[in-house]
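Q: Could you walk me through this chain? I would like to start with the overall build and then turn to individual residues.

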Amino acid sequence: MIIDAHCHVWPDEIARRVLADRPVGLDPVHDGTLSGLLKTLDASGIDMALTLAVANVGRTVWRTNEFIGTVDRTRFIPFGTVHPDLSVEENLRALKENGVVGVKLHPLFQEVAFADERTRDILVGLAENDVPVLSHVGSGGGEAENRRGAPRDLHDMVAEIPGLRLIAAHYGGYQVLDEAEKWAVGTDIHLETSWPPSMGTLPRERVLDIIRRHGADRVVFGSDWPMTDPATEIAAIRDLGLTPEEEAGVLGGNLVRLLGLDLPTT
């Protein structure tokens, strides 16, 4: 069982516009549509994917969750959106009434900061309702955007919210791996492996050390589709030198357990 924990999708016409702007200064590898993702999963030997949808402003939260809530549940697991412009209750209702099972936070593109009390209030509500969260952590934007997703602030926030099931993307600190190792590695969160344009650009021994120190059973595979090619990222995971048990867990088994999916792990 291979599950990609990090796949951004948009309605077809919006995907074209978003990717034309080269998010975080990178050229997309794929098209960002649901049909395109399904083709990629089949070509890469991936069984399922977390489909991530993000609303940059509060007024689009409902329709964003409405879109992501319609995905085919045999291949896709919908992670939708929240926004601090809305109340905790409004955010929770937008998730529940659209059948969305998890949340993607993106400090680079939303007014979402780990140090913001509004964000923490929303995350407390998500924890109390057992809604898992995947968040971008680290850099990739301007100074203000990068500050919103700082690993140190993530560390402080998680310590204040018991029961939060949080997956920190990019090993807990995109483009700031030293900070990630100080503030995210070894804490009570799961780490996710994506690192556009490819995890293979990171030193292999350093990645292996991070995974082992954090605990391989608390690391999940993600590609950051459509900005990377999942098959290439799977090959990078398999090249790390993990044990067969560790590798199987990272590629899917750990996420099955974390999300409580009723799926086989082999």
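This is a predicted model: local features need pLDDT of at least 70, side-chain atom pairs count only at pLDDT 80 or more; totals for chains, interfaces and linings use all residues.

Q: How many helices and strands are in the chain?
A: The chain has 11 helices and eight strands. Helices (H or I, at least four residues) and strands (E, at least two) are DSSP runs, numbered from the N terminus. The radius of gyration is 17 Å, close to the 18 Å that the globule rule gives for 266 residues, so the chain is as compact as a globular protein of that length. That radius is taken over C-alpha atoms, and the globule rule is 2.2 Å times the number of residues to the power 0.38.

Q: What box do the C-alpha atoms fill?
A: Along the principal axes, the box is roughly 45 × 40 × 35 Å.

Q: And what share of the residues counts as buried?
A: Of the 266 residues, 57% count as buried. Buried means under 20% relative accessible area, exposed over 50%, and partly exposed in between (1.4 Å probe, protein chains only).

Q: What about contacts between residues at least 6 apart in sequence?
A: Among those contacts, 75% join residues at least 24 apart. Contact means heavy atoms within 4.5 Å.

Q: On to the helix pairs. How do α10 and α11 cross?
A: The axes of α10 (residues 230-238) and α11 (residues 244-259) come within 10 Å and cross at roughly 155°. Axes are lines fitted to C-alpha atoms, for helices over the stretch in contact, and angles run from 0 to 180 degrees between N-to-C directions. The two helices are therefore roughly antiparallel to each other. Angles under 35 degrees count as roughly parallel, over 145 as roughly antiparallel, 65 to 115 as roughly perpendicular and the rest as oblique.

Q: Which residues meet there?
A: Ile 234, Ile 237 and Arg 238 of α10 meet Glu 247, Val 250 and Leu 251 of α11. By class, this contact of α10 with α11 has four nonpolar, no polar and two charged residues. Ala, Val, Leu, Ile, Met, Phe, Trp, Tyr, Cys and Pro count as nonpolar, Asp, Glu, Lys and Arg as charged, and the others, Gly among them, as polar.

Q: And α4 with α5, at what angle do they cross?
A: The axes of α4 (residues 88-96) and α5 (residues 117-128) cross at roughly 45° and come within 9 Å. That makes α4 oblique to α5. From α4, Val 88, Asn 91, Leu 92 and Leu 95 meet Asp 121, Ile 122, Gly 125 and Leu 126 of α5. The contact of α4 with α5 divides into five nonpolar residues, two polar and one charged.

Q: New topic: where is Leu 164, and what is it in contact with?
A: Leu 164 is in the loop between α7 (151-159) and β6 (166-168). At 8% relative accessibility, Leu 164 counts as buried. Leaving aside neighbours within four places in sequence, Leu 164 is in contact with Leu 123, Ala 127 and Val 133. Its C-alpha atom is separated by 7.3 Å from that of Asp 130, 34 residues apart along the chain.

Q: Is Asn 254 buried or exposed?
A: Asn 254, which lies in helix α11, counts as buried at 4% relative accessibility. Its contacts, leaving aside neighbours within four places in sequence, include Ala 216, Asp 217 and Val 219. Asn 254 and Val 219 are 35 residues apart in sequence and 7.0 Å apart in space, C-alpha to C-alpha.

Q: Which peptide bonds are cis?
A: Among them are the bond from Pro 196 to Pro 197, with omega near 10°, and the bond from Trp 225 to Pro 226, also with omega near 10°. Pro 197 is in the loop between β7 (190-192) and α9 (204-214), while Pro 226 is in the loop between β8 (219-220) and α10.

Q: What is phi of Tyr 171?
A: Phi of Tyr 171 is near 60°, a positive value in a residue other than glycine. Most residues other than glycine have a negative phi, and most peptide bonds are trans. Tyr 171 is in the loop between β6 and α8 (177-183) and counts as buried at 1% relative accessibility.

Definitions and conventions:
Residues are numbered from 1 along each chain as its sequence is written. Side-chain values use heavy atoms; hydrogens and water are left out.
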